[in-house]
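Dear colleague,

Here is the structure I promised to pass on. My notes follow below it.

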Amino acid sequence: MHIYHGQIAGRFTDMANRGVTPESAVNGGGCLIFDEELATAIQGELKRSEGMLSFVASENHASKTTIEIQGSMLTDRAIEGYPGRRYFPGCEWIDKIETLAIRRAIDLFGADHANVQPHSGTNANLAVYLACLNPGDTMLAMDLSHGGHLSHGTKVSITGKMYRRVAYGVDRQTETIDYDNIAELAEKERPKLIVAGGSAYPRFIDFKRLRSIADSVGALLHVDMAHFAGLVAGGAYPSPVPHAHFTTFTLYKTMRGGRGGVVLCQEPFAAAVDKAVFPGLQSAVLVPFVAAKAYAFKVAATDEFKAYARQTIANAQALASGLMARGARLVSNGTDSHLLLLDVTQFGITGAEAEQALYDGGIVCNRNRLPFDTSPAGVGSGVRFGTSAVTSRGLREDHMNDVAGLAFDVLAKVCPPEKMRERVAAICREYPLRVDRQDAGLL
């Protein structure tokens with residue numbers, strides 16, 4: 001069961017070295033077949049991730065235990081329904097696993113109810129919409145280019161095809177959420193649901209004020225905290241749970257867990273949410289992922305994880321300070337969370353070009369549109385940095401200042417990417433991703 005990153009490819013390689021063939025590799029009645037092409041691809045990804053620093057805001061490095069759970073024999077089970085109400089026999093231990101995940105989620109976030117079955121964050125969001133909206137109903141949600149998310153009613157998403165989305169955004173001067181504008185739009189449009197949260201908004205969100213706006217027009221409030229759930233769990237970011245009727249999140253970003261989504265809700269909506277997830281949106285439960293969620297909630301309740309959440313934000317703020325000290329412009333002039341947005345127009349390049357230049361130097365981040373951006377979505381005028389993964393790796397503020405200087409110089413064409421790559425490689429060697437050490441408190 002101890003398979004982590006390179007051990008998968010290593011097992012394949014070891015089989016080949018021992019002369020194992022498809023005909024001789026019989027284990028428990030099934031053929032254990034060596035797959036050289038797949039082993040090569042996995043090993044390639046391992047080498048890439050080991051030798052580069054991931055500043056992708058939606059990525060993290062899962063612990064060895066999380067990967068073991070997700071790859072366990074729980075994969076064998078075909079389960080539908082909820083604990084005590086399954087459509088298959090032999091679920092007594094599966095019921096214990098899901099009940100454990102539910103209880104831990106409720107305890108961790110102080111929620112009334114939790115559904116831990118959604119396969120993704122988008123499915124979790126869809127479950128909320130299905131639970132409280134009818135097709136064609138109006139929702140008020142943040143514009144994608146201002147930091148929102150595809151699943152918040154954008155036209156290209158099923159959520160935008162099923163529901164009418166009215167977009168709000170940030171103030172042009174401060175680049176922070178314009179709550180007065182939200183109140184005006186809510187009064188004019190009378191939405192049934194107001195959606196908060198997103199994928200590229202770096203500042204704290206005033207959940208109490210949003211709830212007040214929602215109450216004033218008879219709307220419900222849904223907060224998608226997929227990006228900052230781990231920061232909330234660690235006490236480093238304000239919790240939306242006391243204010244929102246629905247709260248959704250994923251576990252593989254700042255939660256540092258496995259794949260999949262979760263819906264938290266107030267008690268009056270519990271039955272509707274459960275019905276929306278199953279049978280409304282999904283059938284089979286991904287049991288190993290539910291088990292990994294249970295483990296993530298246990299880890300997130302520890303003092304070590306709270307320290308990790310605080311360090312993640314400290315690293316983001318150090319990176320922001322380092323960039324701004326060198327003359328870079330950041331959206332909203334900084335960050336309160338794990339992510340920040342760098343405007344690259346001052347360098348005379350696009351977001352896509354900046355993404356490639358930094359990647360060539362060993363820094364992985366992604367192109368991103370900025371508020372009021374006129375460039376295409378696939379190009380963008382900025383890049384988004386996130387510090388969850390590098391914090392899991394063990395990096396701290398001094399490393400962030402180092403990265404800020406290297407990144408600025410590469411984008412300004414003062415330093416070639418090859419030189420930055422040398423420094424990044426040295427950091428990666430000092431803070432490796434290895435199976436035989438528990439990096440930065442990874443459990």
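Helix H12 covers residues 303–325, 23 residues in total. From first C-alpha to last it reaches 33 Å, close to the 33 Å expected at 1.5 Å a residue (1.5 Å times one less than the number of residues). Gly 327 follows H12, with a positive phi near 100°.

This is a predicted model: local features need pLDDT of at least 70, side-chain atom pairs count only at pLDDT 80 or more, and totals for chains, interfaces and linings use all residues. Numbering runs from 1 along each chain as its sequence is written, and side-chain values use heavy atoms, without hydrogens and water.

The overall picture: the protein has 16 helices and 17 strands (DSSP runs, numbered from the N terminus; helices are H or I of at least four residues, strands E of at least two). Its radius of gyration is 23 Å, close to the 22 Å of the globule rule for 443 residues, so it is as compact as a globular protein of that length (C-alpha atoms; the rule is 2.2 Å times the number of residues to the power 0.38). The C-alpha trace spans about 70 × 65 × 40 Å along its principal axes. Of the 443 residues, 56% are buried (under 20% relative accessible area; exposed is over 50%, partly exposed in between; 1.4 Å probe, protein chains only).

Ala 377 sits between strand S16 (366–368) and strand S17 (382–386). Ala 377 is exposed, at 58% relative accessible area. Leu 144 is 233 residues away in sequence, yet 9.6 Å from Ala 377 in space, C-alpha to C-alpha.

Best wishes
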